[in-house]
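Take a look at the structure below. Keep the sequence beside it as you read.

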Amino acid sequence: MELIDQHSKKIMEGCKERARDAGLSFEDETLEYIVTNRDLVELSPKIMIPTLYDYWVHDVEVLKGRGKYELYPSNPYETVINTRPAISFYNDNNPDWLNVMIFYHVLGHIDFFQNNIYFRHTWDYDFTGEALSDKRVIAKLRREHGRWVDYVIEFARGIDNLVGYHREINNIYGHNLPKYSDRINYYFDVFLQSKKHVKTSEFIKEIEHYNECCRRDKGALGEKTFLAEVDRRHPEFSALFEKHRKNSKAPARDLLQFLMEKSAKLNKETNAWMKIILQVVRKTSLFFQPQIRTKIMNEGWASYWHETLFLQDDRIKGHEVDFARVNSAVTAMPRVGLNPYALGMKLFYWLEEMADKGRLAWDYQRIADRNRRRRYDAGTGEGKRFIFDVRENFCDFTFISRFVDQEFIDRNKLFVAGRRLNESKMVWEYYVKSRKAEDYRRMLNDALYHPPHITIDPEKTKNGTLYLVHHFEGKPLLQEFIPNTMLGIEFLWGGTVQLETSEPAANHKFASQLGAGQTVTENGRPKPEIKWRRVLYTMKDRKLAKRPV
Amino acid sequence: MSKKEKRYPPGDPARPPRPPALPGVYDYRDLLVLQAATTAQRSYASQIRSLDELLARDKQREQDGFPRKIRIGRMVKPGRGSKAKVVVVPTTVEEKFIHDPNFTDRQEGQGAGGSGDGQEGEVIGEQPVREQDEGSGAGPGQGEGGQHEMESSAYDLGKILTEQFELPNLKDKGKKRSLTRYTYDLTDRNRGFGQVLDKKATIRRVLETNIHLGKVAQGKPVDPAELMIAPTDMVYRILSREKDFESQALVFFLRDYSGSMAGKTTELVVSQHVLIYSWLLYQYANQVESRFILHDTTAKEVEDFYTYYNSKVAGGTQVAAAYRLVNEIVQSENLATDYNIYVFHGTDGDDWETDGKTAIAELKTMLGYASRVGITVARHSASVHGKTEVEKYMAASGLLESRPALIRMDVMDEDADEARLIEGIKTLISE
């Protein structure tokens, strides 16, 4: 790996100036490297982080194909990584004009990394730097504990997709909220709303009353007066609050955190080194979480800017046709399939136009007349500001759910494609299944990364048994991976591990196992409705047992 | 159509193979898309070295009480031609709790993205179900990202299997000796005299002599008239006697390639056949010949492993056809006297001939000359209702009990793993 030459670096600096003028914001320093095939051999299993810790699985071909996004929530072969300074990778034979396009694309990504709030936890440190020190620590541990280090890495990685990423993000932003006592929070957030079901006007009156008390008695005393009054009016309040506090005692933690805190085995002094590894694995997973959750937006944003800025760049006159060829390959909507570059970019263009014409407003939404809608232009010119807001505050899920509407679908002629077997011709037929925005959104959401929601049941975790609950969302867990994953958790926990999950009741046949086209009715529902049952897996002494709950 | 559905009752679906999944949102990566980078290829040398290390690591795992993690024997697109070459990819998988990607409750309802013109319900494209000889078969290791292949000769794989996985050694290699006969060929070279002048070799010698004599200067044109020719410069080819070793073992690989076999079952059967082949190759010190036969309702012989591996049709199944073809080949080519014959048959257990009368009859003929017949049944996990046709009639025939030295059957589920495969081979080939 070597740095790009001064000539290319100068072009990059020129791109930065132009990108800044257009409103993008990113740190000054970036690093650009030329990568060869040999570099890629080493980089791609390490998810393009040159300093990631060594692990033997990185040297082996990993079986892909089965739920690979769920397994590896991070993309190898990305061009730019979210480090400080941001590092990007290039072929050594790219022509200048192509580098200009890629530089703009890269700057789009860097802007996204450094401004989108879902990346907040990655802003304050350089991941490559920490990864390097982690790599050294793990190498040192390996010298001391040999292959057991690799077992611990393996088992920790087995549950690294269950990290509490959203909780982590929430914690960061939660600190900006003003602090109120638990009692006050409970009174306003739970008691009044869920228990008393008060009307909005009364609720506001209560808040006003609270403020009044605080103003009159200054701070803590005011709260006391207020609560005394609450107790008088609602004698049951104190009891309910105590009950609530007891129930919400266990702070929410992800499985890796829980093991580090509670596992008797890991907390033995001789096993303290294992916790270091768990910490590293957890941190690495958290680092990559936002990337996979913003794929469409991130690529869309970068594509939007490489296209916009390239066309305005005065330095590459004469290469418009070359650019058009490459760019169209990147940003074309496939006839069948999903291209995140194209989809994201089209959405950003669309939102810019909508906001420019002031259409993201009630005045426009309530117009039913087609012609009036088509002509509507309030001339607010808010487009750019709006898409910058979107790139700051949304992730793929919210982006799609909020903005993919029927007008967008119609404008871009999008549809949900179906596939069915034509038995007389022995061909798979692809057909236009639906042009409804609702169906398209559902299809997109189904395609998004979504690890299973598995939590620890604090009530049932006792007598050395760890009790995990899979909150069922309509899809069963991949059965063949359950034994070894649980084996790993048992190793880390040092005792019996149980997992409660849902499975189709016996004798049920999935649509996929029946002849295509013969089982699925018009509305896409399989005929035999699946009956789900809860089952409990128990991993004890490295033996797995299963029984219905 | 309804007739067809009767033939393929739900459960053992003779459903055609699923076409490969369309690229999804996460299959697009900057380096590949923007810079047209190709996925990285590891050098073979480093992988061959690592295989031994990996296997040692795996053995250690077992001793430490954890299941093995390295899977070998997955082959990727065997090349045409040289049959003894098998591609081995040591692979592994990192297991986690994930949603079952094969759970397709809403498969049809979910669909894929699309763009462009077309009314709802309009067909916009077709893709043939049957793609014969298409490079990426329904095999393992296909898909984007390319494969980091490791080529290793099947012989090496056989050695690994025998040593690492403790597959049994053949005790008695059978009654047939390796035949040695002589053939005569113009392969030896001789200077000074002989039958046929080797012009190219002669010119080379002449030039060499003249360079030594200083008659040819570097960088200047050579004038042939000036060259001196010594009698010993003349190189001839002469007839020579060559020992020709005949193969000792002949293996027939039979595979059901009907529609119901698509996907995992084919993958399993073919993987197992590669392993068996490699093992035999090692046992017979490379003196193994193989023949490949595919069958649906009729059987045909194909010339190489590549075709054997990659062919698909969507037909029905008649096992007897394949057995009959083997018997015919053996009889017409008079193979039984010269070879130890092995027959391995892979199927999903489906047979239209439910009582298996013809199949059993053919099988009995086969047992008259074969050293071992091994039948692998890779059962569909969906077929919950007990045994498959092949299992039923094999059990009814009583052959497995009465001739255990000659015929074996191994039944596994279609989601069996590598360890199970190797276990199965032990069943099939053990003494």
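The model is predicted: local features need pLDDT of at least 70, side-chain atom pairs count only at pLDDT 80 or more, and totals for chains, interfaces and linings use all residues. Residues are numbered from 1 along each chain as its sequence is written, while chains are lettered from A and ligands numbered from 1 in the order in which they are written.

**Confidence**

- Residues 508-526 of chain A have pLDDT below 50. Beyond near neighbours in sequence, this stretch has 47 contacts in the model (two residues are in contact if their C-beta atoms, placed from the backbone, lie within 7 Å).

**The sheet in chain A**

- Five strands form an open sheet with mixed pairing, in the order β8-β9-β10-β11-β12 of chain A. Strands (E, at least two residues) and helices (H or I, at least four residues) are DSSP runs, numbered from the N terminus. Two strands pair if DSSP finds at least two bridges between them.
- β8 (453-456) and β12 (543-548) of chain A stand at the edges. Each has a single partner strand, so one side of each is left without a neighbour in the sheet.
- Neighbouring strands of this sheet are turned by 25° against each other on average, direction ignored. Axes are lines fitted to C-alpha atoms, for helices over the stretch in contact, and angles run from 0 to 180 degrees between N-to-C directions.
- β8(A) and β9(A) run antiparallel, joined by four bridges. A:His453 has A:His471 in β9(A) as its bridge partner.
- β9 (residues 466-471) and β10 (residues 497-504) of chain A pair in the parallel sense over four bridges. Here A:Tyr467 stands opposite A:Gln498 of β10(A).
- β10(A) and β11 (residues 532-540) of chain A run antiparallel, with eight bridges. A:Val497 is partnered by A:Met539 in β11(A).
- In a regular strand, side chains alternate between the two faces of the sheet.

**The sheet in chain B**

- Six strands make an open sheet of mixed pairing, ordered β11-β10-β9-β12-β13-β14 in chain B.
- The edges are β11 (299-302) and β14 (407-413) of chain B. Each has a single partner strand, so one side of each lacks a neighbour in the sheet.
- β12 (residues 340-347) and β13 (residues 370-379) of chain B run parallel, joined by seven bridges. B:His345 stands opposite B:Ile375 in β13(B).
- Helix α10 (residues 357-367) of chain B packs on the sheet and touches β12, β13 and β14 of chain B. The direction of α10 makes about 145° with that of β13(B).

**A helix pair in chain A**

- Helices α14 (residues 295-312) and α15 (residues 320-331) of chain A pack at an angle of about 165°, with their axes 11 Å apart.
- α14(A) and α15(A) are therefore roughly antiparallel to each other (an angle over 145 degrees).
- The contact includes A:Phe310 of α14(A) and A:Phe323 of α15(A).

**Backbone details**

- The peptide bond from A:Arg84 to A:Pro85 is cis, with omega near -5°. A:Pro85 is in the loop between β4 (80-81) and β5 (86-90) of chain A.
- A:Lys413 has phi near 50°, a positive value in a residue other than glycine. A:Lys413 lies in the loop between α21 (406-411) and β6 (414-422) of chain A.

Technical notes
pLDDT is the predictor's confidence in each residue, from 0 to 100. Angles under 35 degrees count as roughly parallel, over 145 as roughly antiparallel, 65 to 115 as roughly perpendicular and the rest as oblique.
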